[in-house]
Amino acid sequence: MTHIYNFSAGPAVLPKEVLAQAAAEMLDWHGSGMSVMEMSHRGPEFISIYKAAERDLRELLAVPDNYKILFLQGGGLSQNAIVPMNLVGHKPQPATIDFVHTGSWSGKSIKEAAKYATVNVAASSQAGGFNRVPPQSEWKLTPGAAYLHICTNETIDGVEFDFDHGSPQPLTGDCADTLLVADMSSHILSRQIDVSKYGLIFAGAQKNIGPAGVTIVIVREDLLGKALPVCPSAFDFKLVADNESMYNTPPTYGIYIAGLVFQWLKQQGGVAEMEKRAKAKAALLYGALDADDFYINRVAPENRSRMNVPFFLKDESKNEAFLAGAKARGLLQLKGHKSVGGMRASIYNAMPIEGVQALVDYLNEFAGR
Ligand SMILES: *Cc1c(COP(=O)(O)O)cnc(C)c1O
């Protein structure tokens with residue numbers, strides 16, 4: 001196999017060092033004679049793996065002590081139901097949930113939440129084709145809402161909240177104490193965040209953390225214990241938290257790989273270093289896309305995602321030739337999401353800048369520059 005770079009949006013590239021370590025430990029983890037896959041989730045070996053993963057993630061994101069970190073099954077999408085079931089009980093029923101609609105994933109969250117609450121779309125960029133995050137001054141929030149849901153990086157539309165320039169700000173006025181809930185599935189650990197601004201953060205693992213099957217929830221402790229009666233016990237955050245994610249069997253092997261990724265991140269310099277690299281990689285790639293009008297990306301510059309970069313060829317009849325040429329050079333999984341077409345390059349933490357450079361070289365060559 002020639003050297004390849006994998007630009008998949010998810011499941012996505014993992015650090016080579018992590019895969020190599022997992023391979024070396026596959027049959028016999030640390031002299032235990034067992035594969036991690038074969039261990040009881042209640043045994044001392046797996047408990048040590050779990051505790052290290054939890055501790056390292058807490059350190060990487062500077063998660064305050066009054067927040068629980070849960071490792072669940074079900075994927076990011078399941079949280080669209082599980083989060084409302086756990087949080088709306090803090091308000092008289094039917095409660096309202098506010099949303100900012102910035103693309104496909106927040107759209108799915110809105111649809112699912114409507115089963116459990118009254119939904120208010122406080123702001124939407126749908127009319128413009130999801131090419132920006134509506135400015136916070138335009139959000140029409142509901143006083144007394146159970147919470148406000150945002151998707152801080154829209155994986156399909158390539159739209160990311162511009163935290164560097166103050167978004168999201170602390171909420172003000174009648175809505176000053178509205179809880180903020182964020183779906184960070186596709187950019188968690190790629191930029192520094194202030195966890196204390198959020199009531200709850202969730203992320204499916206298969207974009208920027210590890211294999212599919214692990215879902216991470218970071219939730220403020222005082223929000224536990226109000227799950228609706230219909231909430232499945234295995235997804236009642238209080239039960240899960242009280243049992244350190246072992247109320248039922250957690251996705252053990254996925255947690256082990258996620259833990260190796262957390263160790264790798266720490267060795268690389270942590271989230272601050274990942275943010276620095278993400279800025280450099282994104283600048284390189286958008287620079288090539290913007291060089292002339294051969295390629296098109298319509299997202300407002302301040303909201304361009306550093307993780308997921310969708311783009312179109314101006315002449316779409318060249319799409320197949322573009323993808324075939326990319327594949328021949330070992331640049332894989334560049335086809336855009338079926339709902340938007342075109343191309344998409346996902347450049348998560350595990351994508352080295354050499355991979356982005358290889359893509360940029362190809363973009364320039366294909367454009368005849
Ligand atoms: C991938 C993704 C999800 C859904 O993940 P599943 O694990 O497939 O349920 C949710 N939100 C965002 C932002 C995503 O990128």
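Across the interface of domain 1 and domain 2, twelve residue pairs are in polar contact. The model is predicted, and both residues of each such pair have pLDDT 80 or more. Helix H6 (252-268) and strand E7 (159-160) are the elements that give two or more residues to the side of domain 1 that touches domain 2. Helix H6 gives the largest share of that side, with three residues. By type, the residues on this side of domain 1 divide into ten nonpolar, ten polar and eight charged. Charged residues are therefore present on this side, yet the search across the interface finds zero salt bridges. The two domains bury about 2,100 Å² between them. Carbon and sulfur atoms account for 50% of that area.

Domain 1 covers 21-266, and domain 2 covers 270-367. Their contact takes 28 residues from domain 1 and 25 residues from domain 2. The centres of the two domains, taken over C-alpha atoms, are separated by 27 Å.

Two residues illustrate buried positions. The first topic is Ser186. Ser186 lies in the loop between strand E8 (180-183) and strand E9 (200-204). Is Ser186 buried or exposed? Its relative accessible area is 1%, so Ser186 is buried, the limit being under 20%. The side chain of Ser186 takes part in polar contacts. One joins it to the side chain of Asn153 at 2.9 Å. Another joins it to the side chain of Thr155 at 2.7 Å. Beyond its neighbours within four places in sequence, Ser186 is in contact with Asn153, Thr155, Lys207, Met307, Asn308 and Tyr348.

Ala278 sits in helix H7 (residues 270-290). With 1% relative accessibility, Ala278 counts as buried. Which residues does Ala278 contact, leaving aside its neighbours within four places in sequence? They are Ser190, Arg306 and Met307.

Backbone geometry comes next. Most residues other than glycine have a negative phi, and most peptide bonds are trans. Several places in this model depart from that pattern. His30 is not a glycine, but its phi is positive, about 50°. His30 is found in the loop between helix H1 and helix H2 (44-60). Its relative accessibility is 56%, so His30 counts as exposed. Glu244 also has a positive phi, near 45°. Glu244 is in the loop between helix H5 (237-242) and helix H6. At 44% relative accessibility, Glu244 counts as partly exposed.

Gly10 and Pro11 are joined by a cis bond, with omega about -10°. Pro11 lies in the loop between strand E1 (5-6) and helix H1 (16-24). The bond from Gln93 to Pro94 is cis, with omega near -10°. Pro94 is placed in the loop between helix H3 (75-87) and strand E3 (96-101).

Salt bridges complete the picture. Side chains of opposite charge can pair when their charged atoms come close. How many salt bridges does a search of the whole structure find? The count is 18. One of them joins Glu273 and Arg277, at 2.9 Å from N to O. Both residues lie in helix H7, four residues apart, which is about one turn of the helix. Arg277 counts as partly exposed, at 29% relative accessibility. Salt bridges that share partners also join Asp56, Glu59 and Lys266 into one network.

Lys115 and Glu112 form another salt bridge, at 3.6 Å from N to O. Lys115 is exposed at 59% relative accessibility, whereas Glu112 is partly exposed at 22%. In a further pair, the side chains of Glu138 and Arg132 meet at 3.7 Å, N to O. Glu138 is partly exposed, with a relative accessible area of 37%. Arg132 is partly exposed as well, at 31%.

Conventions: Residues numbered from 1 in each chain as written. Predicted model: local features only at pLDDT ≥ 70, side-chain atom pairs only at ≥ 80, totals over all residues. Heavy atoms only, no water. Domains from an automatic or database assignment. Contact = heavy atoms within 4.5 Å. Buried area = accessible area lost by both parts, 1.4 Å probe. Salt bridge = Lys/Arg side-chain N within 4 Å of Asp/Glu carboxyl O. Polar contact = N/O pair within 3.5 Å; in protein donor to acceptor, adjacent residues only side chain to side chain. Nonpolar A, V, L, I, M, F, W, Y, C, P; charged D, E, K, R; others polar. Buried < 20%, exposed > 50% of the residue type's maximum accessible area, 1.4 Å probe, protein only.
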